[in-house]
Amino acid sequence: MNKAFWKEAVVYQIYPRSFKDSNGDGVGDLRGIISKLDYLQDLGVNVVWLSPVYQSPNDDNGYDISHYQAIMDEFGTIADWEEMLAEMHKRDIKLIMDLVVNHSSDEHDWFVKSRQSKDNNPYRDYYIWRPGKDDREPNNWVSVFSGSAWEWDEQSGEYFLHVFSKKQPDLNWDNPKLRQEIYDMMTWWLDKGIDGFRMDVINFISKVPELPDAGTDRYAWGGEYFMNGPRIHEYLQEMNREVLSKYDVMTVGEMPGVTADEAKLYTGKDRKELQMVFQFEHMDIGSGTGGKWDLAPWTLGQLRGILHKWQVGLANDGWNSLYLNNHDQPRMVSRFGDDGEYRSVSAKMLATLLHTLKGTPYIYQGEEIGMTNVKFDSIDRYKDIETLNMYRDATTQQGKSNEQVMESIYVKGRDNARTPMQWDATDNGGFTTGTPWIETNPNYSTINAEQAVQDPQSIYAYYKELIALRKRHEVMVYGDYELYLEDHDSIYSYTRKLGEEIWLVILNFFKEPVTFDLPTQLSHDTRELIISNYEVDSAESIASVNLRPYEARVYRLHGVQ
Ligand code: NOJ
């Protein structure tokens, strides 16, 4: 058993723009974060992953960085950041920063210099430049944020590649000088005392050098030529050798399109690359063949099948990250639970899943109070570049109706997760005294942290208990996972085992009551209820249990035959 702090940790993601505003300008900031650290300490989390706080023109809310070693003016100063780090460490909370190095902002000094001229320019090769082909873009790749992935640069007479927005030009990792600049920058932050990095789309950094056309499939976009590209492992091993191996830190790589087999290569203990990846397979359910915005029903079989595959795939080597939402995804309770009548029990059921599977749980701000998706009645009230570009193209080029497109935004749009954190029932949920950069979800009067902290039955109280249990019981961290009832339509059930310790998890994923029949292999002498989202008589036999809507129970079993 290889123990590590990052395996035992529970991570809390802060999206700073929407977390807490301290100065009334409507934008969250570092002093706002400092003011809420006691709240995080009370919750019990050990690591904060902070989405980007670097200087940025905010085309993509900070994921377009114009200076990697400066703090965004709206968020505060480097002195504020240093105080924030010290205050976190005082509370035994580690800090991992977002590392966004697949691309920079087009306002980064490197790009400003890179576009100045084609020849005799030491910065030209920091980015991916190509001449056009037959008076068109160099290839047919499509940007994640709609339209061509190439932008014509008038000044230097070539196209540059941008897998995301045209203000996010892709960096050229094949250039060793660029790589060294990034390693130096990472070292600078690590020397300031941070505890690791979350790495933005890090499996996109190595492109097939010929940049071939994507297939002819209507939804082909080019990803096959840069996701897990030809030199990705070489670059990550170099980064590890040059930087990460010198520090005891935590790393998690965001990796769209990664499979469990590939994840072993990224996270295997002898591979010297990363410690965890964020995989996306379970985020892709609920979509039709048309991609993310093409809504389709999902089944428990799909969700469980994917999570199970990853549990088994990384059982002995590598390590899972466990998440059901973040700043790019809709709210977990709206997507996989019920954000109406059963909001509280379903959020707790999903939390039970996240904290009892094997891996490191990641909580996204507001998840711990059961924040929900939002429905703004007009596209003008949305802010996210992905959403706005998609809306424009779908309604103009693809002839879709406003209603149809808004429906998919309600279900999948990233702004669902970006409405301000709901702190209390005062104006704007206590997020700001000014006008928030994006409107608050109107349900803040009933769903807010102040209420949740006071209520012993709240979702917040349940998270707190799960996190505390994890600190006391190694079986939650290191125990082996085994699946039961693998074909059940509405129950996900598994055990975790460590030595003599056997825990049984039973989750009803839907609102319809359902009977759980104990698998014969789990017959036992006595049992003890560890946690549940309902009142349960802990002495009750569990040979056959009538589970209530979204009921979750975790038992310790004694004397399993
Ligand atoms: C993934 C980030 O999580 C997302 O917010 C961003 O838009 C893209 N990468 C581009 O940086």
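## Ligand shell

By class, the residues around the ligand comprise seven charged, three nonpolar and two polar ones. Here Ala, Val, Leu, Ile, Met, Phe, Trp, Tyr, Cys and Pro count as nonpolar, Asp, Glu, Lys and Arg as charged, and the others, Gly among them, as polar. The model is predicted: local features need pLDDT of at least 70, side-chain atom pairs count only at pLDDT 80 or more, and totals for chains, interfaces and linings use all residues. Numbering starts from 1 along each chain as its sequence is written, and side-chain values use heavy atoms, with hydrogens and water left out.

The shell consists of Asp60, Tyr63, His103, Phe145, Phe164, Arg198, Asp200, Glu254, His327, Asp328, Arg414 and Arg418. The side chain of Asp60 has an N or O atom 2.5 Å from a ligand oxygen. For Asp328, a polar side-chain atom also lies 2.5 Å from an oxygen atom of the ligand. For the side chain of Arg198, the distance to a ligand oxygen is 3.1 Å. Taken alone, the ligand exposes 300 Å², and the protein buries 97% of that. Areas come from the Shrake-Rupley method with a 1.4 Å probe; for residues, only the protein chains shown count as cover.

## Helix α11 and Thr356

Helices (H or I, at least four residues) and strands (E, at least two) are DSSP runs, numbered from the N terminus. Helix α11 covers residues 343-356. Its 14 residues reach 20 Å from first C-alpha to last, close to the 20 Å expected at 1.5 Å a residue. The expected span is 1.5 Å times one less than the number of residues. Of the 14 residues in α11, 13 are buried. Buried means under 20% relative accessible area, exposed over 50%, and partly exposed in between (1.4 Å probe, protein chains only).

Thr356 is part of α11. Thr356 counts as buried because its relative accessible area is 3%. Contact means heavy atoms within 4.5 Å. Leaving aside neighbours within four places in sequence, Thr356 contacts Met476, Tyr494, Arg496, Val505 and Val554. The side chains of Thr356 and Tyr494 form a polar contact of 2.6 Å. Thr356 and Leu504 are 148 residues apart in sequence, yet their C-alpha atoms are 9.6 Å apart.

Ser532 is found in strand β20 (residues 526-532). Its relative accessible area is 15%, so Ser532 is buried. Its side chain reaches the backbone oxygen of Ala552 at 2.9 Å. A polar atom of that Ser532 side chain also lies 3.1 Å from the backbone nitrogen of Tyr534. Not counting residues up to four places away in sequence, Ser532 touches Tyr462, Glu551, Ala552 and Arg553.

Tyr462 is one of the buried residues of α15. Others listed as buried there include Ile459, Leu466 and Arg470. Helix α15 (residues 459-472) has 14 residues, which should span 20 Å at 1.5 Å a residue; its end C-alpha atoms are 20 Å apart, so the two agree.

In helix α7 (residues 232-242), the buried residues are Ile232, Tyr235, Leu236, Glu238, Met239 and Asn240. They pack against β5 (94-99), α6 (176-191), β9 (196-199) and α8 (260-267). The loop between β9 and α7 holds Asn228.

Most residues other than glycine have a negative phi. Asn228 has a positive phi near 55°. Asn228 counts as buried because its relative accessibility is 19%. Asp135, also not a glycine, has a positive phi of about 65°. Asp135 lies in the loop between β6 (129-130) and β7 (150-153). At 81% relative accessibility, Asp135 counts as exposed.

## The β1-α2 loop

Asp29 is found in the loop between β1 (11-14) and α2 (30-35). Arg17 lies in the loop between β1 and α2 too. Asp29 is buried, with a relative accessible area of 3%. Arg17 is buried at 9%.

Beyond four places in sequence, Asp29 contacts Pro16, Lys20, Asp21, Ser22, Asn23, Glu74 and Phe75. With the same exclusion, contacts of Arg17 include Glu74, Phe75, Phe431 and Trp437.

Methods:
A polar contact is a pair of N or O atoms within 3.5 Å; within protein, one must be able to donate a hydrogen and the other to accept it, and residues adjacent in sequence count only if both atoms are side-chain atoms. A residue is near a molecule or strand if one of its heavy atoms lies within 4 Å of it.
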